[in-house]
Amino acid sequence: MSRSTSPGRWSRIIVHADMDAFYAAVEQLDRPELRGKPLLIGGTGPRSVVATASYEARPFGVGSAMPMGLALRKCPQAIVVPPRLARYAEVSDRIMSVFATFSPLVEALSLDEAFLDLTGAEGLFGPPEEMARRIKGAVREATGLTVSVGVAPNKYVAKVASDIRKPDGLCVVPPDGVRAFLDPLPVSRLWGVGKHGEERLQDMGLRTLADVAAADPAWLERRLGSMGPHVHALAQGIDPRPVVPDREAKSIGSEVTLDDDVVGRAAITPHLLREADRVGRRLRRAGLRAGGVRVKLKTTKFQLLTRQTALHPPTSSGDVLYREALRLLDAFDLGVPMRLVGLAAYDLADAAAPVQGELFGQEGRERQQRLDQAVDALRSRFGKAAVRRGSEIEDEGPERQPDRMRD
Amino acid sequence: MKVRIDKAALAVPLYRAQGVVDRKTTTNVTACVHISAGEDGLTFSATDYDVTITAEASAEVMEQGAVLVNGRALFDVVRALPDESIVQLTSDDNHRLRIEAGRSYFHLNGIAPEEFPPSAMEAGGGKSLICDKSQVQAMLRRTLFSVLADDSRPALSGVLLEIEPEAAGQARLRMVSTDGHRLSKAERTVAATDYDGTKYRCIVHRRGAAELQRILDGSDPSVRIEFVGRNVVFSSDKARLQIRQIEESFPDYSRVIPERGDAVITLATSSLLSSIRRVSSLANNKDATLRVEIADGIMSLEMKHQDVGEAHEEIELPDSAGVRLKVGFNPRFLMEVCGVLETENITLEMSDQFSPCLVHSDEEPGSVFVIMPMRL
């Protein structure tokens, strides 16, 4: 087998595909009168934040997770549109099915972004750049939306690459171009570091990824703890993590490194609710049920704490995951500030498999099951937007998650 | 402390303490065994605060005293000594224990014996009764296997023990366990001495119940059951097991035991067990479902494994004319009941895939098992 050697040998071909301003783009697609106008997707309540800002609004300095009030002061002419999550989920399903035609190895990170492993698919789709063009074309054809695509030998570099030429971007980083691509980038491009980690790196005199890559790994570990080896590897463009489809995962988890540290139960629970909802949705999409749930907290001193419990019966419901996660919170010392909140579902089994019946307390669960079935029936007859949870209408969280976990 | 004791006599109480000593740490009190030498011989104790075991052994005591040393290390040393050895145990001022046998000697670092929690060895004198150990053993065997294996629902993490008065000199003992998917109930009338007729009810954590099985292995034919404060204490064969009760309310088990099922089939326990075992030999995950179908006097058992293949077996049921039924089970649940119920024949009473299945045998009226089917 002979392969072109000029761009270096591709040991793996990893694609990161990320929809451009997804919520806003869907609104502009559905409502032509909104096209070309600055949009802010989000609620209007006092604590609402911007879930997505359209590209027309971004020059005003508006971005995801910004309080809505502040965003409107910066861009008063913006049109505020309440999010329609069910509609976005519907479009997302179409996008994910497009991805699935390119590779069986699709790892969906959220509604609007996914990793694809296209290693060995050059024969089908051509060289990496051609692959990326085909994916962009197929998404546009299926949905009318644009997607930014990064192609690289691993997940981290692919993710940075997809972001670098947004919107409608296409960036291929060949194996022998990884270092040249990463070196000039600021340390804020490191994955899973968060604002505080970034500040610490700055304090250590490290400005660019080249600085981090050149630093003594032992010194990094002394100063940063377990994060040291992680950032050192990433800065060198090393990331061996595989693309794992949810269907085959041992666990499905979601976590955020928070911009601001949180202390205490009340500050942690909203994050858990969001993660539980996300994990529930991913379980259902993968056709799985979880037999256990795990809560993961990381202190500002980078101490990782986890607590887990079995679920009887197994579930794919975000509500149940959240309720059990709340019980697990009692087993943590919540008096210390946390920088990361995560939730994972494990002990996964096929949702279509027979369910073990319960001896006690069946009535409540049967009612919940009947409710779920009724909602599913309504949705299949009248569309997914026919029935929504109250919590889905107001105050959507930011569209993206900074990073996620997987074991 | 200075004592001399047979290796065999020393190994028994140390063996009994192994289930309680913490194997993960080395220096905690919970990893240690407390040995005290008094006028009557040696007393060995180990605790994890929920379960405390105390065992006695006779020994030649030359100097009274106490030590607190790592329980696993001491057991490993004693086990390695030649049989028939006479072992000499000596403590020094630094809480070290010297173990000498023949030409070998060992030193184990210990901690101050006063560190052993006094509350772990509560005085006796509670309400009690003495009964036949083999009955208690048999009931444990029929219930311990279906206790919830984790602590996600504390009330289900142990065996419910109920004691009620019967005729004079007798007591009704009942043990119930459930993991939420199946339930086991064993009850027997036993001869009881020293029993004042009080009703008792408590939940014994599965770890304590497993230790109880271990101390009942000894030669003493009886066991004393005693209620002391928040603890239940079992004594047999010079060993005393104190278990902190689970202070939760056990679910109302009588509500979930069906009176009868629509379809009643009786068959040989061993043939049901070996059929299920064969059919599930392909099973590669714990969630595999045994599909049971009864029609035209035949019970067919089937298991499908997505990646491997499928297994099928039929059992003739001459007495089941007119019965038609389709239901799924976790095969392990049925096999475990077949395994503990030591009867020739077994009766299954089933209604449909949503209703609990009743399992029992005419040969053993006190034992009843309930298994929830899997919804196909």
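**Figure 1. An open sheet of three strands in chain A of the predicted model**. Three strands of chain A form an open sheet in the order S3-S2-S4, with mixed pairing. Its edge strands are S3 (52-53) and S4 (79-81) of chain A, each of which pairs on one side only. Strand S2 (residues 39-41) of chain A runs parallel to S4(A), and 3 bridges join the two. Within this pairing, Ile41(A) has Val81(A) of S4(A) as its bridge partner. In general, the strands of a sheet pair through backbone hydrogen bonds, in either a parallel or an antiparallel manner.

**Figure 2. Val50(A) in the loop between S2 and S3 of chain A**. This view shows a residue of the loop that links S2 and S3 of chain A. Is Val50(A) buried or exposed? Val50(A) has a relative accessible area of 0% and is therefore buried. Val62(A) lies 12 residues away from Val50(A) along the chain, and the C-alpha atoms of these two residues are separated by 8.5 Å.

**Figure 3. Strand S7 of chain A and its two pairings, with S1(A) and S8(A)**. Strand S7 (residues 147-152) of chain A is mostly covered, with 6 of its 6 residues buried. Val147(A), Val149(A) and Val151(A) point one way from S7(A), while Ser148(A), Gly150(A) and Ala152(A) point the other way; all are buried. Strand S1 (residues 14-19) of chain A runs antiparallel to S7(A) and is joined to S7(A) by 6 bridges. In this pairing, Val149(A) of S7(A) is the bridge partner of Ala17(A). S7(A) also pairs with S8(A), here in parallel and through 3 bridges. Val151(A) stands opposite Val172(A) of S8(A).

**Figure 4. Helix H5 of chain A and its buried residues**. Helix H5 (residues 128-143) of chain A comprises 16 residues. From first C-alpha to last, H5(A) reaches 23 Å, close to the 22 Å expected at 1.5 Å a residue. Which residues of H5(A) are buried? They are Pro128(A), Met131(A), Ala132(A), Ile135(A), Lys136(A), Val139(A) and Thr143(A). Because these residues cover an arc of only 130° around the axis, they are on the same side of H5(A). Gly144(A) follows H5(A) and has a positive phi, near 80°.

Figure 5. Pro167(A) belongs to the loop between helix H6 (155-164) and strand S8 (170-172) of chain A. Pro313(A) is found in a strand, S11 (residues 304-315) of chain A.

**Figure 6. Positive phi at Asp347(A) and Glu84(B)**. Asp347(A) is not a glycine, yet its phi is positive, at about 55°. Asp347(A) is located in strand S12 (residues 338-350) of chain A. With a relative accessible area of 33%, Asp347(A) is partly exposed. In chain B, Glu84(B) likewise is a residue other than glycine with a positive phi, near 70°. Glu84(B) lies in the loop between helix H2 (71-80) and strand S7 (86-91) of chain B. The relative accessibility of Glu84(B) is 75%, so Glu84(B) counts as exposed.

**Figure 7. Strand S11 of chain B between its pairing partners S16(B) and S14(B)**. Strand S11 (residues 127-132) of chain B is joined by 6 bridges to strand S16 (residues 222-228) of chain B, and the two run antiparallel. Leu129(B) stands opposite Ile225(B) of S16(B). S11(B) also runs antiparallel to strand S14 (residues 182-193) of chain B, to which 2 bridges join S11(B). Here Ile130(B) stands opposite Thr193(B) of S14(B).

**Figure 8. The largest cavity and its lining in chain B**. Rolling a probe the size of a water molecule over the atoms shows where empty space is left. The structure holds 1 cavity of 30 Å³ or more. The largest cavity has a volume of about 60 Å³. Which residues line the largest cavity? The lining consists of Leu140(B), Val159(B), Leu161(B), Met175(B), Val204(B), Ala209(B), Leu212(B) and Phe234(B). Strand S12 (158-165) and helix H4 (206-215) of chain B are the elements that give two or more residues to this lining. By class, the lining has 8 nonpolar residues, with no polar and no charged ones.

How values were computed
Residues numbered from 1 in each chain as written. Chains lettered and ligands numbered in written order. Predicted model: local features only at pLDDT ≥ 70, side-chain atom pairs only at ≥ 80, totals over all residues. Heavy atoms only, no water. 1 Å grid on protein atoms, 1.4 Å probe; cavity = no way out; pocket = protein on both sides within 12 Å on 5 of 7 lines; lining within 4 Å. Points joined across faces, edges and corners; volume = space filled by probe spheres on them. Helix = DSSP H or I, 4+ residues; strand = E, 2+ residues; numbered from the N terminus. Nonpolar A, V, L, I, M, F, W, Y, C, P; charged D, E, K, R; others polar. Pairing = 2+ DSSP bridges. Expected span 1.5 Å × (residues − 1). Buried < 20%, exposed > 50% of the residue type's maximum accessible area, 1.4 Å probe, protein only. Arc of directions from axis to C-beta.
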